[in-house]
Amino acid sequence: MSRTVRVAAGVFAPGHLGELTRYVPFELVDAVLEETRTRERRLRDLPSRVGVYFLLGLGLFSGIGYLRVWAKLVAGLDDLDVPRPSEKALRDLRRRRGPAPMKALFDALARPIAGPRTPGVSYRGLRTVAIDGCNSLKVPETEANRTWLGLRRNPNGWAGYPTLRLVALVETGTRGLLAAAIGSSRSGELTRARSTTPGP
(Lines give C-alpha, C1' and ligand atoms only; values in the text may rest on other atoms or scores of the structure.)
Protein backbone atom coordinates (compact mmCIF):
# COMPACT_ATOMS: atom_id res chain seq x y z
CA MET A 1 0.00 0.00 0.00
CA SER A 2 1.14 3.52 -0.68
CA ARG A 3 -0.31 6.98 -0.50
CA THR A 4 0.73 10.35 -1.80
CA VAL A 5 1.15 13.17 0.70
CA ARG A 6 1.38 16.77 -0.47
CA VAL A 7 3.60 18.97 1.64
CA ALA A 8 4.19 22.70 1.79
CA ALA A 9 7.34 24.13 0.25
CA GLY A 10 10.18 25.48 2.36
CA VAL A 11 11.92 24.59 5.58
CA PHE A 12 8.72 23.27 7.19
CA ALA A 13 7.94 20.98 4.23
CA PRO A 14 8.37 17.46 5.74
CA GLY A 15 5.11 16.90 7.54
CA HIS A 16 4.79 20.68 7.88
CA LEU A 17 4.67 20.85 11.66
CA GLY A 18 3.66 17.27 12.24
CA GLU A 19 0.27 15.65 12.48
CA LEU A 20 -1.75 18.87 12.44
CA THR A 21 -1.66 19.02 8.64
CA ARG A 22 -3.50 15.69 8.46
CA TYR A 23 -6.52 17.40 9.97
CA VAL A 24 -5.92 21.03 8.96
CA PRO A 25 -4.35 20.99 5.46
CA PHE A 26 -1.93 23.79 4.67
CA GLU A 27 -3.99 24.68 1.58
CA LEU A 28 -6.93 25.48 3.87
CA VAL A 29 -4.73 27.57 6.16
CA ASP A 30 -3.37 29.49 3.15
CA ALA A 31 -6.92 30.11 1.86
CA VAL A 32 -8.02 31.40 5.28
CA LEU A 33 -5.02 33.75 5.46
CA GLU A 34 -5.83 35.10 2.00
CA GLU A 35 -9.51 35.51 2.85
CA THR A 36 -8.77 37.42 6.07
CA ARG A 37 -5.87 39.37 4.52
CA THR A 38 -3.50 38.32 7.28
CA ARG A 39 -0.71 36.78 5.19
CA GLU A 40 2.67 38.39 5.81
CA ARG A 41 3.71 41.20 3.44
CA ARG A 42 7.35 40.12 3.54
CA LEU A 43 8.71 36.62 4.03
CA ARG A 44 9.71 36.02 7.64
CA ASP A 45 11.46 33.19 9.47
CA LEU A 46 8.07 32.54 11.04
CA PRO A 47 5.49 32.96 8.24
CA SER A 48 1.78 33.48 8.82
CA ARG A 49 0.94 29.85 8.04
CA VAL A 50 3.29 28.70 10.80
CA GLY A 51 1.60 31.18 13.14
CA VAL A 52 -1.76 29.48 12.60
CA TYR A 53 -0.34 26.05 13.41
CA PHE A 54 1.42 27.50 16.46
CA LEU A 55 -1.90 28.90 17.72
CA LEU A 56 -3.52 25.49 17.21
CA GLY A 57 -0.64 23.98 19.20
CA LEU A 58 -1.22 26.46 22.01
CA GLY A 59 -4.80 25.23 22.20
CA LEU A 60 -3.74 21.57 22.24
CA PHE A 61 -1.01 22.06 24.85
CA SER A 62 -2.50 24.83 26.95
CA GLY A 63 -0.64 23.85 30.12
CA ILE A 64 2.88 24.50 28.80
CA GLY A 65 4.75 27.59 27.61
CA TYR A 66 5.38 28.93 24.13
CA LEU A 67 8.86 27.42 23.73
CA ARG A 68 7.73 23.92 24.73
CA VAL A 69 4.75 24.13 22.34
CA TRP A 70 7.14 25.18 19.58
CA ALA A 71 9.44 22.26 20.41
CA LYS A 72 6.52 19.83 20.05
CA LEU A 73 5.53 21.30 16.68
CA VAL A 74 8.99 21.01 15.15
CA ALA A 75 10.10 17.78 16.89
CA GLY A 76 10.08 15.86 13.60
CA LEU A 77 12.20 18.44 11.75
CA ASP A 78 15.49 17.99 13.64
CA ASP A 79 17.56 17.44 10.48
CA LEU A 80 16.53 20.79 9.00
CA ASP A 81 17.63 24.33 9.73
CA VAL A 82 14.41 25.20 11.58
CA PRO A 83 14.29 28.64 13.25
CA ARG A 84 14.64 28.59 17.03
CA PRO A 85 12.55 31.62 17.96
CA SER A 86 12.57 33.36 21.30
CA GLU A 87 9.46 33.47 23.46
CA LYS A 88 9.05 37.14 22.46
CA ALA A 89 9.19 36.22 18.74
CA LEU A 90 6.48 33.60 19.28
CA ARG A 91 4.36 36.06 21.25
CA ASP A 92 4.74 38.61 18.43
CA LEU A 93 3.80 35.91 15.90
CA ARG A 94 0.62 35.18 17.86
CA ARG A 95 -0.29 38.86 18.08
CA ARG A 96 0.37 39.48 14.38
CA ARG A 97 -2.19 36.85 13.42
CA GLY A 98 -5.01 38.17 15.55
CA PRO A 99 -8.35 36.39 15.87
CA ALA A 100 -9.65 36.72 12.27
CA PRO A 101 -7.88 33.73 10.66
CA MET A 102 -8.66 31.44 13.61
CA LYS A 103 -12.35 32.34 13.47
CA ALA A 104 -12.42 31.75 9.70
CA LEU A 105 -10.62 28.43 10.16
CA PHE A 106 -13.12 27.34 12.81
CA ASP A 107 -16.03 28.33 10.56
CA ALA A 108 -14.52 26.28 7.72
CA LEU A 109 -13.97 23.18 9.87
CA ALA A 110 -17.06 23.22 12.13
CA ARG A 111 -19.28 20.80 10.24
CA PRO A 112 -21.17 17.59 10.97
CA ILE A 113 -18.81 14.63 10.93
CA ALA A 114 -21.25 11.73 10.68
CA GLY A 115 -22.99 10.59 7.53
CA PRO A 116 -26.79 10.31 7.33
CA ARG A 117 -26.72 6.60 8.24
CA THR A 118 -24.17 6.76 11.07
CA PRO A 119 -25.67 5.12 14.17
CA GLY A 120 -26.34 7.35 17.18
CA VAL A 121 -26.44 10.71 15.42
CA SER A 122 -30.06 11.06 14.40
CA TYR A 123 -33.58 10.48 15.67
CA ARG A 124 -36.49 9.99 13.26
CA GLY A 125 -34.46 11.39 10.43
CA LEU A 126 -33.27 14.50 12.30
CA ARG A 127 -29.66 15.03 13.35
CA THR A 128 -29.40 15.34 17.14
CA VAL A 129 -27.20 17.96 18.74
CA ALA A 130 -26.36 19.07 22.26
CA ILE A 131 -25.44 22.41 23.79
CA ASP A 132 -23.03 22.68 26.69
CA GLY A 133 -21.17 25.51 28.33
CA CYS A 134 -18.14 26.29 30.43
CA ASN A 135 -17.58 29.49 32.40
CA SER A 136 -14.17 28.91 33.96
CA LEU A 137 -11.88 30.07 31.15
CA LYS A 138 -9.66 32.71 32.75
CA VAL A 139 -8.18 35.52 30.68
CA PRO A 140 -5.48 38.07 31.58
CA GLU A 141 -6.60 40.81 33.95
CA THR A 142 -6.23 43.77 31.60
CA GLU A 143 -8.32 46.92 31.49
CA ALA A 144 -9.87 45.84 28.17
CA ASN A 145 -10.83 42.41 29.54
CA ARG A 146 -12.22 43.86 32.77
CA THR A 147 -14.33 46.33 30.77
CA TRP A 148 -15.63 43.65 28.38
CA LEU A 149 -16.02 40.74 30.77
CA GLY A 150 -16.18 42.28 34.23
CA LEU A 151 -15.15 40.43 37.36
CA ARG A 152 -17.16 37.69 39.04
CA ARG A 153 -18.09 37.74 42.69
CA ASN A 154 -17.64 34.57 44.70
CA PRO A 155 -18.24 33.83 48.41
CA ASN A 156 -14.78 35.23 49.27
CA GLY A 157 -15.08 38.47 47.28
CA TRP A 158 -14.19 39.35 43.69
CA ALA A 159 -12.54 36.71 41.51
CA GLY A 160 -8.96 37.46 40.53
CA TYR A 161 -9.28 37.13 36.77
CA PRO A 162 -12.05 37.89 34.29
CA THR A 163 -13.58 34.71 32.89
CA LEU A 164 -15.13 33.79 29.58
CA ARG A 165 -18.26 31.74 29.07
CA LEU A 166 -17.92 29.31 26.18
CA VAL A 167 -21.02 27.61 24.80
CA ALA A 168 -20.71 24.98 22.09
CA LEU A 169 -23.16 23.23 19.79
CA VAL A 170 -22.02 19.62 19.33
CA GLU A 171 -23.13 16.75 17.12
CA THR A 172 -24.20 13.88 19.37
CA GLY A 173 -22.54 10.55 18.69
CA THR A 174 -19.34 12.07 17.26
CA ARG A 175 -18.86 15.14 19.49
CA GLY A 176 -18.05 17.13 16.37
CA LEU A 177 -18.19 20.88 16.98
CA LEU A 178 -20.83 22.63 14.88
CA ALA A 179 -20.74 26.14 16.39
CA ALA A 180 -19.44 28.02 19.42
CA ALA A 181 -19.96 31.37 21.08
CA ILE A 182 -17.91 33.16 23.72
CA GLY A 183 -18.70 36.11 25.93
CA SER A 184 -18.83 37.32 29.48
CA SER A 185 -19.54 34.72 32.15
CA ARG A 186 -22.07 37.23 33.54
CA SER A 187 -24.41 36.28 30.68
CA GLY A 188 -26.36 33.06 31.13
CA GLU A 189 -25.69 29.87 29.23
CA LEU A 190 -29.05 30.03 27.44
CA THR A 191 -28.39 33.63 26.37
CA ARG A 192 -25.02 32.66 24.92
CA ALA A 193 -26.49 29.50 23.34
CA ARG A 194 -28.86 31.63 21.22
CA SER A 195 -25.85 33.07 19.41
CA THR A 196 -24.46 29.65 18.42
CA THR A 197 -25.51 29.25 14.82
CA PRO A 198 -23.90 26.50 12.75
CA GLY A 199 -22.39 27.27 9.38
CA PRO A 200 -23.96 26.23 6.07
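Predicted model: local features only at pLDDT ≥ 70, side-chain atom pairs only at ≥ 80, totals over all residues.
# A chat about strands, rings and buried residues

Visitor: How many bridges join β6 to β7, and which way do the strands run?
Guide: Seven bridges join them, and the two strands run antiparallel. β6 covers residues 163-171.

Visitor: Which residue in β7 is the bridge partner of L164?
Guide: The partner of L164 is S184. R165, in turn, stands opposite G183 in β7.

Visitor: What sheet do these strands belong to?
Guide: An open sheet of three strands, in the order β3-β6-β7, with antiparallel pairing.

Visitor: Which strands stand at the edges?
Guide: β3 (129-138) and β7 (177-184) do. Each has a single partner strand, so one side of each is left without a neighbour in the sheet. From one strand to the next, the twist averages 20°.

Visitor: Back to R165. How far is it from L149?
Guide: They are 16 residues apart in sequence and 9.4 Å apart in space, C-alpha to C-alpha. L149 lies in helix α7, residues 143-149.

Visitor: Is L149 buried or exposed?
Guide: L149 counts as buried, because its relative accessibility is 1% and the cut-off for buried is under 20%.

Visitor: New topic. How many aromatic pairs are there?
Guide: The structure holds two aromatic pairs. One of them is F54 with Y66, which is edge-to-face, at 5.5 Å centre to centre and with 90° between the planes.

Visitor: Where are F54 and Y66 in the chain?
Guide: F54 is in helix α3 (residues 48-60) and Y66 is in helix α4 (residues 66-73). They are twelve residues apart, and the pair links distant parts of the chain. Both F54 and Y66 are buried.

Visitor: Which residues form the aromatic cluster?
Guide: F54, Y66 and W70 form one aromatic cluster.

Visitor: What lies over the face of F61?
Guide: That is K72, at 5.0 Å from the ring centre.

Visitor: Which residues in α4 are buried?
Guide: Y66, V69, W70 and L73 are buried there. They cover an arc of only 100° around the axis, so they are on the same side of α4.

Visitor: Why would residues spaced like that point the same way?
Guide: An α-helix has 3.6 residues a turn, so residues three or four places apart point the same way.

Visitor: What covers the buried residues of α4?
Guide: The cover includes α1 (20-23), α3 and α5 (87-97).

Visitor: One more residue, L46. Where does it lie?
Guide: L46 lies in the loop between α2 (26-35) and α3.

Visitor: Buried or exposed, that L46?
Guide: L46 is buried, with a relative accessible area of 7%.

Visitor: What is L46 in contact with?
Guide: Leaving aside neighbours within four places in sequence, L46 is in contact with W70, P83, P85, A89, L90, L93 and R96. W70 is also part of the aromatic cluster with F54 and Y66.

Visitor: And how far apart are L46 and L90?
Guide: L46 and L90 are 44 residues apart in sequence, and 8.5 Å apart in space, C-alpha to C-alpha.

Methods
Residues numbered from 1 in each chain as written. Heavy atoms only, no water. Pairing = 2+ DSSP bridges. Helix = DSSP H or I, 4+ residues; strand = E, 2+ residues; numbered from the N terminus. Axes fitted to C-alpha atoms, helices over the stretch in contact; angles between N-to-C directions. Phe/Tyr/Trp six-rings, centres within 6.5 Å; stacked < 30°, edge-to-face > 60°. Buried < 20%, exposed > 50% of the residue type's maximum accessible area, 1.4 Å probe, protein only. Lys NZ or Arg CZ within 6 Å of the ring centre and 35° of its normal. Arc of directions from axis to C-beta. Contact = heavy atoms within 4.5 Å.
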